[in-house]
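Open the structure and keep the sequence beside it.

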Amino acid sequence: QVRLVESGGGSVQAGGSLRLSCAASGDTDSVRYMGWFRQAPGQAREAVATIEISHGGAYYADSVKGRFTVSLNNAKNMVYLQLNSLKLEDTAMYYCASTRGILGYPPMSQDFSSWGQGTQVTVSS
């Protein structure tokens, strides 16, 4: 079992930045991918970014390419999501997730087995 705890969400004006953190604990040795998802009210949960643990290969949704960056600190069992040039449409609950399996393309929430409780990101004009 992997336990994930997110932090770093908050309220920011459009154009601003935030850094989300996810602390992983438990049976982390078998984790193959970590991911960040988001879900706005009334919308489906969507993959924002994923990262492969061994080689660091990353996936980004088209809507965040060039603005968001996912990174790892394997020694600390941490994964981060740097959010730059935030837009109103980035407002959502952001979730950290992990999986021991392989991912489809694009990654889907059902590819992931462990989830954090989420951290809210609110972007205002």
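Start at V70, whose bridge partner in strand 8 is L81. The model is predicted. Another such pair is S71, which has Y80 as its bridge partner in strand 8. The pairing of strand 7 with strand 8 (residues 78-83) is antiparallel and covers six bridges. The two strands form a hairpin, with four residues between them. N77 sits in that turn and has a positive phi of about 55°.

Now cross to the other partner of strand 8. Strand 3 (residues 18-26) runs antiparallel to strand 8, and six bridges join the two. A23 stands opposite M78 of strand 8.

How many of the six residues of strand 8 are buried? Five are, and the strand is mostly covered.

Return to L81, this time for its contacts. Beyond residues up to four places away in sequence, L81 touches L18, R19, L20, W36, V48, A49, F68, T69, V70 and Y94. L81 also belongs to the largest nonpolar core, which has 35 residues. Those with the most contacts inside this core are M34, W36, L81 and Y94. In soluble globular proteins, nonpolar side chains tend to be buried together.

E52 lies in strand 5 (residues 46-52). E52 counts as buried because its relative accessible area is 13%, under the 20% cut-off. Leaving out residues up to four places away in sequence, E52 touches R32, Y33, G57 and L72.

Next come the charged pairs. The structure holds five salt bridges. One of them is between D27 and R100, with the closest N and O atoms 2.9 Å apart. This pair links distant parts of the chain, 73 residues apart. D27 is in the loop between strand 3 and strand 4 (33-39), while R100 is in the loop between strand 9 (92-99) and strand 10 (114-115). D27 is partly exposed, at a relative accessible area of 35%. R100 is partly exposed too, at 43%.

A second salt bridge brings together the side chains of R38 and D90, at 2.9 Å from N to O. This pair also links distant parts of the chain: R38 is in strand 4, D90 is in the loop between strand 8 and strand 9, and 52 residues separate them. Are R38 and D90 buried or exposed? Both are buried.

D62 and K65 form another salt bridge through their side chains, at 3.1 Å from N to O. D62 counts as exposed because its relative accessibility is 64%, over the 50% cut-off. K65 is partly exposed, with a relative accessible area of 49%.

Terms used:
Residues numbered from 1 in each chain as written. Predicted model: local features only at pLDDT ≥ 70, side-chain atom pairs only at ≥ 80, totals over all residues. Heavy atoms only, no water. Core = buried A, V, L, I, M, F, W, Y, C linked by side-chain atoms within 4.5 Å. Buried < 20%, exposed > 50% of the residue type's maximum accessible area, 1.4 Å probe, protein only. Contact = heavy atoms within 4.5 Å. Pairing = 2+ DSSP bridges. Salt bridge = Lys/Arg side-chain N within 4 Å of Asp/Glu carboxyl O.
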